[in-house]
Amino acid sequence: MKFVIVFAALFAVALAAPRPEEATILRSDSEVGPESFNYVYETSDGVSANAQGQLKNIGSENEAISVQGKYSFVGDDGVTYTVTYVADENGFQPQGAHLPVAPEA
């Protein structure tokens, strides 16, 4: 009987816990082609992103995709964080005021 009471109490606590609000899509656009793409989206909870990519050196052995983009989100502390980035043959290169920076060599 104690198990049932404890289980019921835990179940009630779980139901009473605040639930995060579901985000709705405010904007969503994209274009995708054989040699390039771009997209943008925004949600009601403060998340947004956009990116553009294109194929470079088409048909060569150095063919690569180059992407430039940005995304933002609201952290648990209420601050909006933004990351801009480039992703290409040199890897993923993010930048943001909140990101640590490597010391100069």
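What follows is a chat about the fold, surface and salt bridges of a predicted model.

Reader: What kind of model is this, and how many helices and strands does the chain have?
Author: The model is predicted. The chain has one helix and six strands.

Reader: Which order do they come in along the sequence?
Author: The pattern reads α-β-β-β-β-β-β.

Reader: How much of the chain counts as buried?
Author: Of its 105 residues, 14% count as buried.

Reader: What about contacts between residues at least 24 apart?
Author: Taking contacts between residues at least 6 apart in sequence, 12% join residues at least 24 apart.

Reader: Switching to charges. How many salt bridges are there?
Author: The count comes to three. Side chains of opposite charge can pair when their charged atoms come close.

Reader: Start with arginine 27. What does it pair with, aspartate 29 for one?
Author: Arginine 27 forms a salt bridge with aspartate 29, and the closest N and O atoms are 3.3 Å apart. Arginine 27 also forms a salt bridge with glutamate 42, where the closest N and O atoms are 3.7 Å apart.

Reader: Which residues make up the network, then?
Author: Arg27, Asp29 and Glu42 are linked in a network of salt bridges.

Reader: What does lysine 56 pair with?
Author: Lysine 56 forms a salt bridge with glutamate 89, with the closest N and O atoms 3.2 Å apart.

Reader: Where do lysine 56 and glutamate 89 sit in the chain?
Author: Lysine 56 is in strand β3 (residues 48–56), while glutamate 89 is in the loop between β5 (80–88) and β6 (91–95). The two are 33 residues apart, and the pair links distant parts of the chain.

Reader: And what is the relative accessibility of lysine 56?
Author: Lysine 56 stands at 26%, so it counts as partly exposed.

Terms used. Residues are numbered from 1 along each chain as its sequence is written. This is a predicted model: local features need pLDDT of at least 70, side-chain atom pairs count only at pLDDT 80 or more; totals for chains, interfaces and linings use all residues. Side-chain values use heavy atoms; hydrogens and water are left out. Helices (H or I, at least four residues) and strands (E, at least two) are DSSP runs, numbered from the N terminus. Buried means under 20% relative accessible area, exposed over 50%, partly exposed in between (1.4 Å probe, protein chains only). Contact means heavy atoms within 4.5 Å. A salt bridge is a side-chain nitrogen of Lys or Arg within 4 Å of a carboxyl oxygen of Asp or Glu.
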